Amino acid sequence: METILQLLDLTVRSAVPLLLACLAGLYSERSGIVDIGLEGKMLGGAFAAAAAAAVTGSVWLGLLAGIFVSVLLALVHGFASITNKGNQIVSGVAINFIAAGAAALLGNAWFNQGGRTPQLQSEQRFNPIELPLAETLSSVPVLGPTYQQLISGHNLIAYFAFAMVPITWWVLFRTRFGLRLRAVGENPAAVDTAGISVSWARYRAVICCGILCGIAGAYLSIGVSAGFVKDMTAGRGFIALAALIFAKWRPVSAMWACLLFGFLGAIEIRYQGVALPVLGVVPVQLMQALPYILTVVLLAGFIGKAIPPRAGGVPYTKER
Amino acid sequence: MNNALPRWVDYGLMPLISVIVAFVISGLVVLFVGESPVQAALLMAKGAFGSGYNIGFTLFYATTFIFTGLAVAVAFHAGLFNIGGEGQAYVGGLGVALVCLSLDSVFPWWITFPFAIIAGALFGALWAFIPAILQAKRGSHIVITTIMFNFIASALMVYLLAGPLQKSANLGPRSRDFAEGGQIPKLGGLFRPLGIDMGASPLNVSFALALIMALVVWIIIWRTRFGYEMRTLGISPRAARYAGMSEVRLVVLAMMLSGALAGMMALNPVMGDQARLQLDFVEGAGFVGIAVALMGRSHPAGIVPAAILFGGLYQGGSELAFDMPNITRDMIVLIQGLVILFAGAMGSLFTPAIVRLLTGVGVMPK
């Protein structure tokens with residue numbers, strides 16, 4: 001029981017940044033803007049959040065700075081792919097390098113710690129929140145410890161991430177904004193005919209993507225860690241992208257996909273070099289590669305078929 | 001509108017403008033961290049081309065980037081975006097190393113080298129084959145699958161280097177050092193008669209191979225039937241289908257050629273410099289290839305100078321980091337990203353202004 005709870009707790013922790021980045025990608029890709037720059041935006045957001053929190057001493061200003069930088073990068077991607085009708089993949093690759101290079105360069109120049117930001121104090125971070133009655137109920141069998149260890153004790157951003165799942169579903173499938181967002185991703189010409197600006201709808205989607213990526217970055221640098229370390233996103237943006245495909249661009253499935261990939265991450269951390277029943281000792285590298293392998297298998301159409309939004313990656317040109 | 005531009009503008013001026021814009025923005029960042037951009041640029045140029053030794057290093061890096069740039073360019077011509085150069089080069093290194101580890105103490109380098117070339121190319125091509133066949137047969141997006149394969153390659157190589165291929169745990173994850181037969185000669189001696197002393201710089205025979213491959217790629221793309229079909233597929237898949245070309249065959253062959261070129265990159269660091277297989281020897285060169293191919297407009301004649309420019313940036317950047325501790329080598333990653341952005345994704349940003357300018361001075365007809 002204890003081990004299972006620890007494993008699940010670790011799963012949730014690993015899943016939160018993936019989930020935020022995955023939902024971020026969901027907004028963008030549903031509107032027809034393919035985004036492989038999630039990694040870069042997260043990294044930029046993580047750096048800005050930690051740098052601002054260290055300088056101002058305020059966790060909220062840190063979060064705002066993270067969101068601001070991430071949205072800025074998202075707007076560059078938007079400008080290149082919406083206004084300039086450029087190649088969205090190329091632009092995404094560029095964003096990843098610009099963020100990685102600038103964060104390391106500025107971090108080193110400002111703080112002189114080899115690209116790190118200074119160690120943050122407790123009040124400069126998002127700390128675990130003890131939910132009400134967690135202590136009191138801990139004696140209740142099964143449910144008590146589950147509530148205390150698994151549900152309670154995460155930071156604010158973690159709860160926000162899971163709250164964003166139903167919110168994203170509601171926004172995309174129950175509001176006019178969401179309908180238009182999905183429509184420009186499937187058939188922009190029809191939206192244009194209805195007299196609605198395709199560019200503006202896509203820009204708004206890209207901004208939503210930037211906001212969520214910034215929060216994901218902040219979770220890493222001022223949530224679970226006490227500062228920014230060079231390349232701290234470590235490919236999470238790409239795992240989020242994989243999860244997005246795995247979830248077939250749907251919010252609730254996205255949560256399950258991120259929890260699955262988070263679970264793989266948790267097993268990797270928890271069971272390094274431990275012999276598992278039936279399987280024996282699984283090389284840790286296999287666990288690391290598993291999300292990517294699963295995604296390739298899915299893309300190959302062996303477990304269901306992932307069909308992306310129809311207008312994804314195609315710049316919209318008004319007919320004359 | 002792009003088609004209306006004269007060729008020298010499209011192939012010469014436009015890439016130049018994007019590099020200048022990238023430099024100007026990077027210069028602003030340098031200014032922002034409190035250093036002089038002019039001073040930094042001078043230090044960088046000196047670090048890249050200031051002495052024979054530095055030129056040797058610049059060309060050593062350029063060798064790597066010619067291979068990866070050509071790899072990206074070949075795929076571009078077939079309308080494919082191969083982001084997997086990084087993984088293909090990494091796995092190509094495995095092929096090179098396996099040949100060296102088994103032949104190095106038996107044969108001299110000039111027997112080992114051809115086998116290593118074939119093995120590197122083959123391993124790289126095989127790593128590109130799976131994404132290619134999945135794209136061609138099942139429509140899985142090649143950009144995503146090649147990204148995934150980069151991570152899978154990285155995990156695989158860590159597993160091999162920390163396991164079966166590791167010599168001893170004390171030295172960390174790397175193979176044993178190759179004997180004489182697994183090391184290719186340096187080229188420094190060739191330049192000595194010209195009065196250039198390259199000292200101990202790692203420039204080696206694979207530089208010549210890279211130049212030969214640039215020529216081979218040019219011949220394949222513009223002088224063979226396969227190249228013609230590939231370009232047709234890249235420009236108009238419908239036309240290719242209508243003309244009865246096999247899309248599956250073209251996609252698979254183009255990607256395997258691309259992967260082979262990326263795999264051959266491994267010869268330069270593995271056989272030419274480190275003389276062993278070690279962790280992360282690719283060091284992002286697969287991604288630099290994207291910038292090089294975009295800047296070189298996917299033409300070998302553009303890719304070679306673009307690769308030398310990036311080689312200079314890498315070498316100059318590490319020298320710069322010595323003199324200006326505030327500016328680390330991460331600066332290059334930023335410049336690389338900006339070049340990709342302006343030469344690749346925002347290529348049309350400056351076109352209207354250029355067209356207006358050129359028609360204004362009468363170079364272009366209205």
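No salt bridges are counted between domain 1 and domain 2 of chain B in this predicted model. On the side of domain 1 of chain B that touches domain 2, the elements that give two or more residues are α1 and α15 (330-345) of chain B. Of these, α15(B) provides the largest share, with seven residues.

Domain 1 of chain B is made of two segments, 1-35 and 326-366, while domain 2 covers 53-317. The C-alpha centres of these two domains of chain B are 27 Å apart. Where they meet, 14 residues of domain 1 of chain B contact 13 residues of domain 2. The area buried between the two domains of chain B is about 1,400 Å², and carbon and sulfur atoms account for 71% of that area. Within domain 1 of chain B, the residues that lose the most area to domain 2 are Arg329(B), Ile332(B) and Gln336(B), which together make up 38% of what that side buries.

Turning to the partner chain, chain B contributes 40 residues to its contact with chain A, and chain A contributes 42. About 3,500 Å² is buried between chain B and chain A, with 79% of this area on carbon and sulfur atoms. On the chain B side, Arg138(B), Met148(B) and Phe151(B) lose the most area to chain A, together giving 17% of what that side buries.

The bridge pairs Lys230(A) with Asp330(B), and the closest N and O atoms lie 3.0 Å apart. Four residue pairs in polar contact are also found across the interface of chain B and chain A, both members at pLDDT 80 or more. Five elements of chain B give two or more residues to the side that touches chain A, namely α1, α5 (109-138), α6 (142-161), α13 (285-295) and α15.

Methods
Residues are numbered from 1 along each chain as its sequence is written. Chains are lettered from A and ligands numbered from 1 in the order in which they are written. This is a predicted model: local features need pLDDT of at least 70, side-chain atom pairs count only at pLDDT 80 or more; totals for chains, interfaces and linings use all residues. Side-chain values use heavy atoms; hydrogens and water are left out. Domain bounds come from an automatic or database domain assignment. Contact means heavy atoms within 4.5 Å. Buried area is the accessible area (1.4 Å probe) that two parts lose on being put together, summed over both. A salt bridge is a side-chain nitrogen of Lys or Arg within 4 Å of a carboxyl oxygen of Asp or Glu. Helices (H or I, at least four residues) and strands (E, at least two) are DSSP runs, numbered from the N terminus. A polar contact is a pair of N or O atoms within 3.5 Å; within protein, one must be able to donate a hydrogen and the other to accept it, and residues adjacent in sequence count only if both atoms are side-chain atoms.
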